[in-house]
Every structure is written in C-alpha cells, then in structure tokens.
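Colleague: I would like to go through one model feature by feature. Please give the general idea each time and then the case at hand.

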Amino acid sequence: MRVCGCEISAQEVRLAVVELNGERNVELLRIKTTRIELKDDTSEADLRSFLAALQEFSQENTIGTFVIKTRAKKGRMAGGAVSFKIETLIQLVEGCNARFVSPIALSNFAKKELKGYPEKLPVYLRNAFLSAAYALTKG
C-alpha cells in the first residue's frame, strides 16, 4: 500500500509518497509532483482545479491513504483558513482515506524509531515524509 504524507504550508500541500519495500523498510518513491498549490481560495474554479489535481495525483501514484500533519486551530501557531480548506479538499479525494497525525507523535517517532531520512530528501518534504512513514509503521 502506498501512503502519501502531507504537510500544508500557506497555500500549498507538500507531498511525499512512501511504501514498504521487500525488507519491510519505508521507502520514499521518486515522484514528479511534490507540491500542489491552491492559487485563489475564493475562486470556485481554483478549488475544483485543486481537488482535480489531487485526484489525478492519487490515481497516478496509486495512493491509498493521505496522512496529514495537523495544525493548531487557535493560538499563536494556528493554521490559516486557507490551510483548512486544503485539508478538507484532501479529505474529499475519492478512493482514498485521510488520516491525521499530531506534530508531537511525529517528533517522538523521529527521535525514537526513525532510522534516518532518505538520501536526497529535500528539506521541505521532511514533515510530509515523516507523516507517511509514521502511518506505514504505526498502522
């Protein structure tokens, strides 16, 4: 099963696709699309286009589950309104499940269980990779 880790930042979602290899280790897949941007969150056409891009991405990469790193809903570190629209659109992708993982769980997983990040993993994809790896290993 392929899992796509998602980190929502500003008006884009960053995507990292992983699966378990033959040795049951998490393997990052090299994919051509690692970001999808929502141009205008007040435009119905842009919202539909973003959802269509997610749908196409999930089919192209045989995604079974999207795992989203959660963001605070209030307070100083709260996510913006646009990021919550993006989160909702991810949940609406047909044929895929959506799960959430907290930053604290990811931090603990990274410290105690992750054997390291894949070579050549861009820094901007670390949290997306971590979310997907967590979901694969923790079920």
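Predicted model: local features only at pLDDT ≥ 70, side-chain atom pairs only at ≥ 80, totals over all residues.

Colleague: What does the radius of gyration say about the chain?

Modeller: The value is judged against an expectation for the chain length. For 139 residues, a compact globule would have a radius of gyration near 14 Å, and the chain has 14 Å, so the two agree. The C-alpha trace spans about 45 × 35 × 25 Å along its principal axes.

Colleague: What share of the residues is buried, and how much accessible surface does the chain have?

Modeller: Of the 139 residues, 42% count as buried, where the cut-off is under 20% relative accessible area. The accessible surface comes to about 8000 Å², and 48% of that belongs to carbon and sulfur atoms.

Colleague: What share of the contacts joins residues at least 24 apart in sequence?

Modeller: The count takes contacts between residues at least 6 apart in sequence, and 65% of these join residues at least 24 apart.

Colleague: Now the strands. Which strands does strand 2 pair with, and in which sense, parallel or antiparallel?

Modeller: Pairing is read from the bridges, one partner strand at a time. Strand 2 pairs with strand 1 in the antiparallel sense over 7 bridges, and Gly 5 has Ala 16 of strand 2 as its bridge partner. Strand 2 also runs antiparallel to strand 4 (residues 35–37), with 3 bridges; there Val 13 is bridged to Ile 36. Another 3 bridges join strand 2 to strand 3 (residues 26–28), again antiparallel, with Val 18 and Leu 28 as bridge partners.

Colleague: Which residues in the two hairpins take a positive phi?

Modeller: Look at the residues that link the paired strands. The hairpin of strand 1 and strand 2 has 2 residues between the strands, and Ala 10 takes a positive phi near 55°. The hairpin of strand 2 and strand 3 has 5 residues between the strands, and here Arg 24 has a positive phi near 65°.

Colleague: How should I read the nonpolar cores?

Modeller: In soluble globular proteins, nonpolar side chains tend to be buried together. The largest nonpolar core in this model has 22 residues, and Val 13, Phe 57, Phe 66 and Ile 90 have the most contacts inside it. Strand 1 (2–9), strand 2, helix 1 (44–60), strand 5 (63–69) and helix 2 (81–91) each supply at least two of its residues. Helix 2 gives the largest share, 4 residues. A second, separate core has 20 residues, among them Val 18, Leu 28, Ala 105 and Ala 132.

Colleague: Which residues does Phe 57 touch beyond its sequence neighbours?

Modeller: Setting aside neighbours within four places in sequence, Phe 57 is in contact with Cys 4, Leu 15, Val 17, Ile 31, Thr 33, Ile 36, Ile 63 and Phe 66.

Colleague: Now a charged case. Is Glu 12 buried or exposed?

Modeller: Compare its relative accessible area with the cut-off. Glu 12 has 13% and is buried. It lies in strand 2 (residues 12–20), where 7 of the 9 residues are buried. For such a side chain, check polar contacts next: one of 3.0 Å joins the side chains of Glu 12 and Arg 14.

Colleague: And Leu 106: buried or exposed?

Modeller: Leu 106 counts as buried, at 2% relative accessibility, and lies in helix 3 (residues 103–112). Beyond neighbours within four places in sequence, its contacts are Lys 69, Val 101, Leu 130, Ser 131 and Tyr 134.

Conventions: Residues numbered from 1 in each chain as written. Heavy atoms only, no water. Buried < 20%, exposed > 50% of the residue type's maximum accessible area, 1.4 Å probe, protein only. Polar contact = N/O pair within 3.5 Å; in protein donor to acceptor, adjacent residues only side chain to side chain. Core = buried A, V, L, I, M, F, W, Y, C linked by side-chain atoms within 4.5 Å. Contact = heavy atoms within 4.5 Å. Rg over C-alpha atoms; globule rule 2.2 N^0.38 Å. Areas by Shrake-Rupley, 256 points an atom, 1.4 Å probe, with all protein chains shown as cover. Pairing = 2+ DSSP bridges.
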